[in-house]
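Please look at the sequence and the model before reading on.

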Amino acid sequence: MKMQSDISLKPYNTFGIDVKARNFVEVTSVEELREVLKNTYASELFILGGGSNMLLTKDVQKTVVYINLKGIEILEENKNDVLVKAMAGENWHEFVLYCIDHSFGGLENLSLIPGKVGTAPIQNIGAYGVELKDSFESCTALDIQTLQLKTFTKEECHFGYRDSIFKNEAKGKYIITSVSFRLSKNNHKLNTTYGSIDQFLEDKGVKTPTIANVSEAVISIRQSKLPNPKELGNSGSFFKNPVVSKEVLQKLQQQYPEIPFYEVDGQQVKIPAGWLIDHAGLKGYREGDAGVHTRQALVLVNYGNATGLDILQLAEKIQQKILDMFGIEISPEVNII
């Protein structure tokens, strides 16, 4: 464990934003993490995982602690399900592939989501009709003040749409060190109706899909729409899909009868933010090196040398356009820092 100074964070965020950290240290164990916390005030810490859900708009005048704890362990197992624990530094997609390789079902729809296991519960990541909370059992987190480990159950995490206790009352108080998932071993409950998964499987001639088939479909669909962060800086979906009342939807349908939506409950629906941005004429829109992706309007991209502020200004312009055109407020899914 070595403390470094004046380090560029460009390799550590998927947007590829070149800002500097005043101090930087990588930790590979809970013991190392405790050691860093003992010697640094909590207010002077910046916890960094996969860097996939953030937009850095300025240099970080704190000690950046890069969480790189590794390891996957089976805690419990019976003929029907398995409890799997993954350390916070494990790559999320590689962990999903590990589960699929072992015929553990539940995470296949979350394939190819960038980031690390430890940051996944914070956002309650989700895709193609599935959210992390659907298979989440618990997570272990280190209390920054007491340096004691605490286990959070699903109920204690207060999961919501791209939301959790770690974005609210527990924000800045804990560092997640591991996450445990309850996954199926047989009779997998597949979710193939969201997006174009069913169509992909039909085109491939798959009549009895497996979790591996679903994962393959999700990966293929994501790759066809989403740019690889290693080739084009981005943070995946930049905006949340707005949830509106059915009354608002009905008014919109009078002008836009083709507007897509998904039922949330008896009173609310979710409208794809990508559709709104696309129909506002902003897909492919570009200002300098900050742009809206040409194939997926929900994704903002860095064409090379955009700053975080360039991306943020573009995002704000998009939000205003959607508000003016549809009367709907869309909010960022990524953390603006």
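**Reading the terms**

Q: Why is Ser138 called buried?
A: Ser138 has a relative accessible area of 15%. Buried means under 20% relative accessible area, exposed over 50% and partly exposed in between, with a 1.4 Å probe and protein chains only. The value of 15% is under the limit, so Ser138 counts as buried. This is a predicted model: local features need pLDDT of at least 70, side-chain atom pairs count only at pLDDT 80 or more, and totals for chains, interfaces and linings use all residues. Residues are numbered from 1 along each chain as its sequence is written, and side-chain values use heavy atoms, with hydrogens and water left out.

Q: Where is Ser138 placed, and which residues does Ser138 touch?
A: Ser138 belongs to strand E10 (residues 136–143); helices (H or I, at least four residues) and strands (E, at least two) are DSSP runs, numbered from the N terminus. Not counting residues up to four places away in sequence, Ser138 touches Thr151, Phe152, Thr153, Val179 and Ser180, where contact means heavy atoms within 4.5 Å.

Q: What is the distance from the sulfur of Cys99 to the closest cysteine sulfur, and how many disulfides does the whole structure hold?
A: For Cys99 the closest cysteine sulfur, in Cys139, is 16 Å away, which is too far for a bond. Cys99 is also buried, at a relative accessible area of 1%. A search of the whole structure finds 0 disulfides.

Q: What places the buried residues of helix H2 on one face?
A: In helix H2 (residues 92–101), the buried residues are Trp92, His93, Phe95, Val96, Cys99 and Ile100. Seen down the axis, these residues fall within an arc of 160 degrees, so they line one face of the helix; the arc is that of the directions from the helix axis to the C-beta atoms. The face turned away from the buried side carries the exposed residues Glu94 and Asp101. Among the elements covering the buried residues of H2 are strand E6 (72–77), strand E7 (81–87) and helix H6 (211–225).

Q: What makes Asn91 a cap of H2?
A: At the N-terminal end of H2, a side-chain oxygen of Asn91 lies 3.0 Å from the backbone nitrogen of His93. A polar contact is a pair of N or O atoms within 3.5 Å; within protein, one must be able to donate a hydrogen and the other to accept it, and residues adjacent in sequence count only if both atoms are side-chain atoms. The distance of 3.0 Å is within that limit.

Q: How do you know that the buried residues of helix H1 are on the same side?
A: Helix H1 (residues 30–38) has the buried residues Val30, Leu33, Val36 and Leu37. They cover an arc of only 120 degrees around the axis, which puts them on the same side of H1. On the other side, Glu31 and Lys38 are exposed.

Q: Why is the pair of Tyr12 and Phe24 called tilted?
A: The whole structure holds 16 aromatic pairs. Rings of Phe, Tyr and Trp (its six-membered ring) pair if their centres lie within 6.5 Å; planes under 30 degrees apart count as stacked, over 60 as edge-to-face and the rest as tilted. The centres of Tyr12 and Phe24 are 4.8 Å apart and their planes are at 40 degrees, so the pair is tilted. Tyr12 is partly exposed at 24% relative accessibility, whereas Phe24 is buried at 2%.

Q: What makes the pair of Phe152 and Tyr174 edge-to-face?
A: The planes of Phe152 and Tyr174 stand at 85 degrees, with 5.0 Å from centre to centre. The angle is over 60 degrees, and the pair is accordingly edge-to-face. Phe152 lies in strand E11 (residues 149–153) and Tyr174 in strand E12, 22 residues apart.

Q: Why is Lys283 called partly exposed?
A: Lys283 has a relative accessible area of 34%, which lies between 20% and 50%. The side chains of Lys283 and Asp278 are joined by a polar contact of 3.3 Å.

Technical notes
A disulfide is a pair of cysteine sulfur atoms within 2.5 Å.
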